[in-house]
Amino acid sequence: MKKEILMKNCGYVFVGLLFATLFSLWLDQIKFPEATIILTYLLTVFVITILVDGFLYGFFSSIVAVGLFNFLFTEPRYSLNVDSFDYWYTFAIMLLVSIVTSVIIQKLRKETKIADEKEARIKVLIEISRDFFQAIRLEDAVKAMENGLETYLNHGINISLKESDQQDFKHYLTMNNPSINMHKIEQCMQQADMIQDNETASITNYYFPIKSKTGSLGVLWLTHEGLIKNDVELIEACCGQLALALDRQYWINKQHESMMEIEKEKLRVQLLSGISHDLRTPLSTIIGTVQTIIDNRAHINDELLTNLLENVTNDSKWLLDSVENILSLMRFQESNLLLDIQPSIVEEIVEETISLFATIKTHFIKVSIPEETILFDADSRMIVKVLVNLLQNAIKFSPVGSTIQLNIIKKKKNIIFEVVDEGIGLSDHEKLRVFDQFYSIKPKNKQQRQGLGLGLSICKAIIEAHQGFIRVLDNQPTGSKFVFSLKVKEDDDEKNIDH
Amino acid sequence: MKKILIIEDDRLIKQFLITLLETSEYEVIEANDGTSGYQLAMSHNPEIILLDLGLPDYDGIEWIKQYRHLIDASIIVVTAKDEHAQKVKALDLGADDYLTKPFNPAELLARVRVALRHQQSKKVGLTQQEFKYKELTINFVQNRVYLNNVEIHTTPIEYQVLTYLVKNQGRVCTSTMIIKATWGSSCNESDAQNLRVVMANLRRKLKQTPTSPTYIVTHVGVGYRFNDE
């Protein structure tokens with residue numbers, strides 16, 4: 001490569017001088033003054049220095065030009081001797097002028113080159129910072145920076161970022177199969193300064209910390225033949241930009257979190273104020289009834305006593321259900337509903353649900369379930385909870401002696417659960433609001449206490465946490481149909497183990 | 001009279017338990033904490049221990065881990081509803097059964113009866129050659145299963161699971177217990193899934209439906225129990 005450039009440059013010099021000499025010979029022939037010839041040579045040297053990179057070529061051309069001029073055009077011709085002392089003066093001026101011009105041009109070239117490089121770097125930085133502000137996700141920002149630097153350096157780079165609240169790093173790699181040296185990355189994080197690590201004589205590993213005010217956030221690292229100072233500066237500037245972007249992301253997340261926290265707090269206050277009244281009523285009934293029994297034991301006949309105690313039992317059960325629902329709701333809000341997802345079998349869930357209604361004699365629960373074994377990923381106990389809630393509602397809102405259907409249908413990759421009652425049904429307005437928190441409908445049966453309006457909102461939360469959906473539809477001719485759908489476990493629809 | 005030890009620190013629920021059990025003609029002894037509970041268990045040798053998992057001096061799970069192998073009694077743990085993981089852990093560590101608060105009296109008495117019966121059969125030892133329950137007959141000598149006197153084909157795994165449940169009739173066996181006793185590996189997720197499929201096949205072969213679990217009763221998230229009602 002170097003030899004080729006040398007040959008090319010020498011070629012320029014040779015052709016340039018040859019052309020100037022031939023032109024000058026022609027000028028001499030038609031008796032042009034010597035000054036024109038001198039200017040021709042000066043012009044040639046000028047052109048050569050523009051075309052050829054390197055001060056020495058200019059210097060060399062200047063001397064050869066003067067030599068040629070001396071040899072070909074001064075008396076005596078075809079010798080390096082000169083008759084007149086004037087010529088020495090001319091030579092000196094000619095040499096000086098040509099050398100000075102070549103030096104100036106060289107300098108100019110160099111400055112232009114530096115300016116071009118600078119512009120390229122600034123362009124990279126501008127592009128990266130523009131992409132940073134457009135990037136919403138962290139990955140996009142990192143990708144943008146990697147792409148920008150990669151184009152500039154013509155070389156892949158890697159970024160390892162510390163996961164927040166964790167010891168692990170997340171790696172964003174663009175080099176082909178780089179070996180990750182965790183020790184060096186850690187070291188770079190700690191020192192918060194660039195580390196060079198000479199792997200072999202020609203290849204060096206570079207580690208740049210990405211540091212913000214709060215400390216090192218990660219490390220940018222690459223393997224390169226050798227980075228020059230400008231590259232290092234550019235990479236450091238980019239690291240600074242990335243640190244800024246990371247900080248920004250961090251604060252955005254923090255802000256989001258505190259907003260969520262405020263929302264949660266609001267909900268909690270709403271929940272507490274909403275339920276405290278509803279809880280007091282049945283508690284008063286229980287305390288009052290029991291106290292009455294204790295105080296007036298002698299005056300209460302057996303029938304009345306049984307009646308009163310049944311009321312106490314009913315209200316206690318209502319309280320228990322309500323407290324269960326409140327606790328579930330609070331737990332969901334606290335932990336964003338942590339599910340214990342396991343491969344589950346539909347029939348087991350149905351079996352457990354039905355067993356909980358074994359003592360119900362007022363309604364008949366009819367179950368229809370496919371013959372085949374259906375496996376799906378779910379938190380079984382949560383699905384049981386949903387079914388229990390739906391069945392309890394169905395019982396509450398449909399006449400004694402009516403039938404409630406629990407249908408399980410498999411449709412392609414979905415499993416659909418239906419709870420169908422023959423009750424009063426819901427108006428369109430009620431259908432819209434029935435899954436809202438604290439929305440409850442007064443049962444027609446005056447014996448029963450109105451619910452807190454939490455059950456169905458919990459069902460909705462559970463089903464949505466399973467990536468399913470829940471709806472309410474009309475049942476014909478009367479009543480409602482609650483439907484929810486979940487995904488069947490792929491490629492395991494039917495499985496038998498035989499050993 | 002059968003002796004029952006109650007280890008429970010809440011005075012009111014203890015009083016309720018004592019009243020209930022004494023009216024059902026059991027002899028009841030009581031302890032307020034794990035340490036005195038253990039001492040009473042050693043000195044009185046009760047048939048059954050009702051153990052509350054939240055004790056003042058002991059984590060109930062720790063108590064079972066430490067004393068299970070020293071005590072002959074059946075242990076029934078009493079837990080609150082959201083201590084689901086604890087319940088499974090207690091069973092895995094050798095507790096015989098569990099009750100979830102709030103429970104109704106009939107349920108408690110049923111659990112106690114099952115535990116006593118189970119203890120009886122443990123003492124006698126399972127030397128019988130044949131097991132009969134409703135329409136189901138298992139011949140342990142020939143490794144054959146009959147339903148309504150018609151032989152039903154079971155795979156070796158299904159047979160092992162079924163006999164394991166039968167030998168622990170009335171007792172809730174966790175998935176881990178069943179897997180360890182039958183295919184003997186440490187329990188991972190695919191084992192749990194395989195067990196569920198085995199159970200589904202068994203249920204189908206025993207012709208039982210979700211609405212009437214005649215033989216095998218599912219305790220979702222905990223395990224399975226062979227019916228004894």
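This report walks through a predicted model with a chain A and a chain B.

## Ground rules

Residues are numbered from 1 along each chain as its sequence is written, while chains are lettered from A and ligands numbered from 1 in the order in which they are written. Since the model is predicted, local features need pLDDT of at least 70 and side-chain atom pairs count only at pLDDT 80 or more, whereas totals for chains, interfaces and linings use all residues; side-chain values use heavy atoms, with hydrogens and water left out.

## Chain B at a glance

Chain B has eight helices and 12 strands. (Helices are DSSP runs of H or I with at least four residues, strands are DSSP runs of E with at least two, and both are numbered from the N terminus.) Of its 229 residues, 55% count as buried, meaning under 20% relative accessible area; exposed is over 50%, and partly exposed is in between (1.4 Å probe, protein chains only).

Now look at contacts, that is, heavy atoms within 4.5 Å. Among the contacts in chain B with a separation of 6 or more, 59% come from residues 24 or more positions apart.

## One side of a helix

Pick out helix H3 of chain B, residues 60-67: Gly60(B), Ile61(B), Trp63(B), Ile64(B) and Tyr67(B) are buried there. They sit on the same side of H3(B) because they cover an arc of only 160° around the axis, going by the directions from the helix axis to the C-beta atoms. What do these buried residues pack against? Their partners in chain B are strand E1 (3-7), helix H2 (34-44), strand E3 (48-52), strand E4 (74-79) and helix H4 (84-92).

## Where the chains meet

The contact takes 30 residues from chain A and 30 residues from chain B. About 2500 Å² is buried between them, with 55% of that from carbon and sulfur atoms; buried area is the accessible area (1.4 Å probe) that two parts lose on being put together, summed over both.

Five salt bridges link chain A and chain B, each a side-chain nitrogen of Lys or Arg within 4 Å of a carboxyl oxygen of Asp or Glu. One of them joins Arg203(B) and Glu347(A), at 3.0 Å from N to O. On the side of chain A that touches chain B, two or more residues each come from helix H8 (302-335), strand E6 (342-345), helix H9 (346-356) and helix H10 (380-396) of chain A. The largest share, seven residues, comes from H9(A).

## A buried lysine

Lys489(A) follows strand E12 (480-487) of chain A, and it counts as buried because its relative accessible area is 17%. Leaving out residues up to four places away in sequence, Lys489(A) touches Pro343(A), Leu375(A), Phe376(A), Asp377(A) and, from the other chain, Gln193(B).

Most residues other than glycine have a negative phi, and most peptide bonds are trans. Here are some exceptions. The peptide bond from Gln476(A) to Pro477(A) is cis, with omega near 0°, and the one from Lys101(B) to Pro102(B) is cis too, with omega near -5°. Pro102(B) is in the loop between strand E5 (97-100) and helix H5 (105-124) of chain B.

As for phi, Gln467(A) has a positive value near 60°, and Lys207(B) has one near 55°. Is Lys207(B) buried or exposed? Lys207(B) is exposed, since its relative accessible area is 67%. Gln467(A) is exposed as well, at 69% relative accessibility.
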